[in-house]
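Subject: Structure handover

Hello,

Here is the structure I promised you. Please open it and keep it beside this email while you read.

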Amino acid sequence: MYKLGKTIAEIGNSETQNPPVLVGVAEIENQQVMEGLLATEHLANIKYDYVHYDSPDERGIDCGLIYHKDRF
């Protein structure tokens with residue numbers, strides 16, 4: 001998760017000097033994965049929250065949305 005958190009924090013940073021406002025994620029295992037991702041070193045200090053959708057897919061593959069709480 002470390003590398004994914006670092007990558008998300010750097011999206012668009014060279015152009016805006018800000019982290020992304022919205023990030024859609026797919027093929028996540030569960031809500032705990034979203035929480036773990038937002039707790040990583042590069043994302044923990046950003047005011048992110050998330051929405052998790054528990055998919056009916058029998059493989060347990062869910063979707064989610066990470067959003068910046070100051071913007072929404």
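The count of salt bridges comes to three. A salt bridge here is a side-chain nitrogen of Lys or Arg within 4 Å of a carboxyl oxygen of Asp or Glu. Side chains of opposite charge can pair when their charged atoms come close.

Before the details, two notes. This is a predicted model: local features need pLDDT of at least 70, side-chain atom pairs count only at pLDDT 80 or more, and totals for chains, interfaces and linings use all residues. Residues are numbered from 1 along each chain as its sequence is written, and side-chain values use heavy atoms, with hydrogens and water left out.

**The salt bridges**

Start with Lys6 and Glu10. Their closest N and O atoms are 3.0 Å apart. Both sit in helix H1 (residues 2-10), four residues apart, so about one helical turn separates them. Helices (H or I, at least four residues) and strands (E, at least two) are DSSP runs, numbered from the N terminus. Lys6 is partly exposed, at 32% relative accessible area. Buried means under 20%, exposed over 50%, and partly exposed in between (1.4 Å probe, protein chains only).

Next, Lys47 meets Asp70 at 3.8 Å, N to O. This pair links distant parts of the chain: Lys47 is in the loop between H3 and E2, and Asp70 is in the segment after E3, 23 residues apart. Lys47 is partly exposed at 48%, while Asp70 is exposed at 53%.

Then come Asp57 and Arg59, with the closest N and O atoms 2.7 Å apart. Asp57 is partly exposed at 23%. Arg59 is exposed at 60%.

**The sheet**

Now look at the strands. Three of them form an open sheet in the order E1-E3-E2, with antiparallel pairing. Two strands pair if DSSP finds at least two bridges between them. The edge strands are E1 (22-28) and E2 (48-53), each pairing on one side only. E2 and E3 are joined over six bridges. Find Tyr48: it stands opposite His68 in E3.

Which helix packs on the sheet? Helix H3 (residues 31-38) does, touching E1, E2 and E3. Contact means heavy atoms within 4.5 Å.

**One more residue**

Finish with Leu65. It is found in strand E3 (residues 62-68). Leu65 counts as partly exposed, at 33% relative accessibility.

Best wishes

Notes:
Axes fitted to C-alpha atoms, helices over the stretch in contact; angles between N-to-C directions.
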